[in-house]
Amino acid sequence: MLATLAQAVVNGLLIGGIYALVSIGVTLIFGVVKIVNFAQGEFVMIGMYISFFLASTFGVDPLLSLLISMPSLFAIGVLLQHFLIRRVLALGDMPQIFLTFALSLLLMNIALLLFTANYRTVQTPYSELTFHIGPVYFAVAKLIAFAIAMLLSALLYLFLHGTDLGKAMRAAAQNREVAMLMGINPDRVFCVAVGVALALAGAAGSLLMPFYPAYPLVGQIFVLMAFVAVVLGTLGNITGALIASLMMGVAESLGVQFVGADSGLIVVFVMLLLTLAFRPNGLFGGWAR
Amino acid sequence: MLTLSAVSARYGSVPAISDVSISVGEGEAVGLLGANGAGKSTTLRAISGLIRATSGSITFLGADLAALPPHKIAELGIAHVPEGRQVFPELTVKENLEVGAYIPSAKAERNRTLELVFGIFPALAERRNQLAGTMSGGEQQMLAVGRGLMLKPRLLMLDEPSLGLAPVVTDATFAKIQEVHAMGTAILLVEQNVSRALGMVQRAYVLESGKVIIQGSSAELANNKQVQAAYLGM
């Protein structure tokens with residue numbers, strides 16, 4: 001029993017690291033640009049296909065293809081902000097929601113057209129590799145994914161707290177108008193924020209590829225988890241999103257283990273409803289420290 | 001140095017200021033006085049580009065500000081300390097000041113300016129690692145002024161620095177502003193507290209319903225019957 005419990009917690013934490021990359025991106029865009037990006041999951045999907053095609057065509061290891069998927073998605077993010085999101089920022093919530101929701105549908109359908117609905121997988125030497133500590137097994141591919149996800153989260157934290165651009169980004173998130181009075185160009189800061197958020201989604205895609213199939217609708221699972229984590233972790237709070245993502249990974253895993261194989265999400269959504277009922281502002285404070 | 005010629009601006013369809021003409025010379029301290037809603041803050045917002053003038057011209061050191069976005073206007077050396085302090089609450093005191101020196105010319109001298117600001121406001125040095133949002137109103141006002149100074153401004157625009165402060169804290173704040181002015185920074189001071197403002201500026205404009213109704217030296221305004229009756233309670 002105890003071993004089963006420990007195993008479920010480990011499995012949950014490991015996948016929670018991937019959820020964290022997606023939810024940190026969503027909460028970063030929300031915190032800085034004040035827009036909800038419903039298409040975040042589709043950028044995970046794009047990251048997966050980038051790694052899939054690099055692996056199937058050139059034999060590039062998915063972990064190595066991070067070096068291509070992350071910059072590619074950063075560039076896509078900058079273009080997305082500059083040419084699309086920027087134009088709806090002055091409008092109300094509805095045009096903003098329609099924009100990212102339409103983008104999500106568009107990207108899924110383009111992927112269906114180009115790649116078909118088939119599941120694509122990449123076999124790596126470590127895809128099936130496991131080791132165990134006592135009775136608890138660790139899948140190597142998932143452990144690597146988790147470790148890199150935590151490393152990228154830490155790098156983001158260092159960027160936001162240790163660089164001038166990062167501090168300017170936090171300042172613009174807290175008070176856009178006053179940030180402009182300091183000489184901060186909000187358009188530039190927003191482009192970087194969306195670029196970084198999409199790069200993290202792309203990283204999630206590449207990290208998933210050794211143990212998870214790519215298909216056009218795959219992003220929906222991850223964006224769903226990301227939104228729950230973003231709400232639990234308090235909108236705009238990056239540390240909150242990270243912790244909530246790990247909690248949700250564990251909750252889902254415990255649900256699968258102890259409620260039923262298809263019931264993992266029930267536990268997650270019960271957590272969401274209880275939080276909204278009793279702590280409607282999420283479990284943590286405001287913008288992340 | 002700064003010249004506004006017949007500037008008008010509006011919020012939506014509501015005219016906020018009309019035909020405002022004011023100027024600030026190099027190293028001068030000028031007041032923009034008047035009651036709540038007279039258009040003082042709107043004038044500052046038009047200068048720093050947060051709202052667009054609908055007519056008239058605004059020039060600063062020969063540059064036409066009308067075509068520039070706020071962050072470019074800041075780069076010319078205009079620091080606007082907005083009404084209600086508006087420090088970045090979840091940044092530390094030191095981070096607030098660092099962000100204040102974001103423009104390239106200020107960044108190059110950031111550490112030196114930081115020491116200077118800590119010299120003027122020792123309380124900020126003691127609290128450098130505290131989150132700005134957790135400080136008292138007076139301390140936040142000091143930080144807002146200090147953050148403005150970090151830009152190494154040629155012109156410092158202060159919007160109601162005494163707002164919400166206890167009289168003794170207001171005294172301290174004004175003493176610090178005078179110290180900054182003595183170092184050669186031009187100041188455009190917006191105040192409802194007319195008697196106190198006249199004590200530190202050389203010239204002032206009185207705004208009413210978005211128009212300049214009286215202007216002159218501090219001494220002239222202090223002796224003006226209309227000013228005395230309307231703003232000095234005499």
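How many residues of chain B are in contact with chain A? In this predicted model, 20 residues of chain B contact 18 residues of chain A. On the side of chain B that touches chain A, the elements contributing two or more residues are helix 2 (70–75) and helix 3 (93–100) of chain B. By residue class, this side of chain B is made up of 11 nonpolar, five polar and four charged residues. The predictor assigns the complex an ipTM of 0.93 and a pTM of 0.92. For chain B, the average pLDDT is 92, and 100% of the residues score at least 70.

The largest nonpolar core contains 169 residues. Within this core, the residues that touch the most other members are A:Leu21, A:Val22, A:Ala193 and A:Ala204. Helix 8 of chain A (residues 186–208) supplies the largest share of the core, with 16 residues. Apart from neighbours within four places in sequence, the contacts of A:Ala204 are A:Ile18, A:Leu21, A:Val22, A:Val44, A:Gly47 and A:Phe222. Two of these partners, A:Leu21 and A:Val22, are listed with A:Ala204 among the core residues that touch the most other members.

Helix 10 of chain A spans residues 238–258 and has 21 residues. The distance from its first C-alpha to its last is 30 Å, close to the 30 Å expected at 1.5 Å a residue. Of the 21 residues of helix 10 of chain A, 15 are buried, and the helix is therefore largely enclosed by the rest of the structure. A residue is counted as buried here when 20 or more other C-beta atoms lie within 10 Å of its own.

Terms used: Residues are numbered from 1 along each chain as its sequence is written. Chains are lettered from A and ligands numbered from 1 in the order in which they are written. This is a predicted model: local features need pLDDT of at least 70, side-chain atom pairs count only at pLDDT 80 or more; totals for chains, interfaces and linings use all residues. A nonpolar core is a set of buried Ala, Val, Leu, Ile, Met, Phe, Trp, Tyr and Cys residues joined through C-beta atoms within 7 Å. A residue is buried if 20 or more other C-beta atoms lie within 10 Å of its own, exposed if 12 or fewer, and partly exposed in between; C-beta atoms are placed from the backbone. Helices (H or I, at least four residues) and strands (E, at least two) are DSSP runs, numbered from the N terminus. Two residues are in contact if their C-beta atoms, placed from the backbone, lie within 7 Å. Ala, Val, Leu, Ile, Met, Phe, Trp, Tyr, Cys and Pro count as nonpolar, Asp, Glu, Lys and Arg as charged, and the others, Gly among them, as polar. The expected span of a helix is 1.5 Å times one less than its number of residues. pLDDT is the predictor's confidence in each residue, from 0 to 100.
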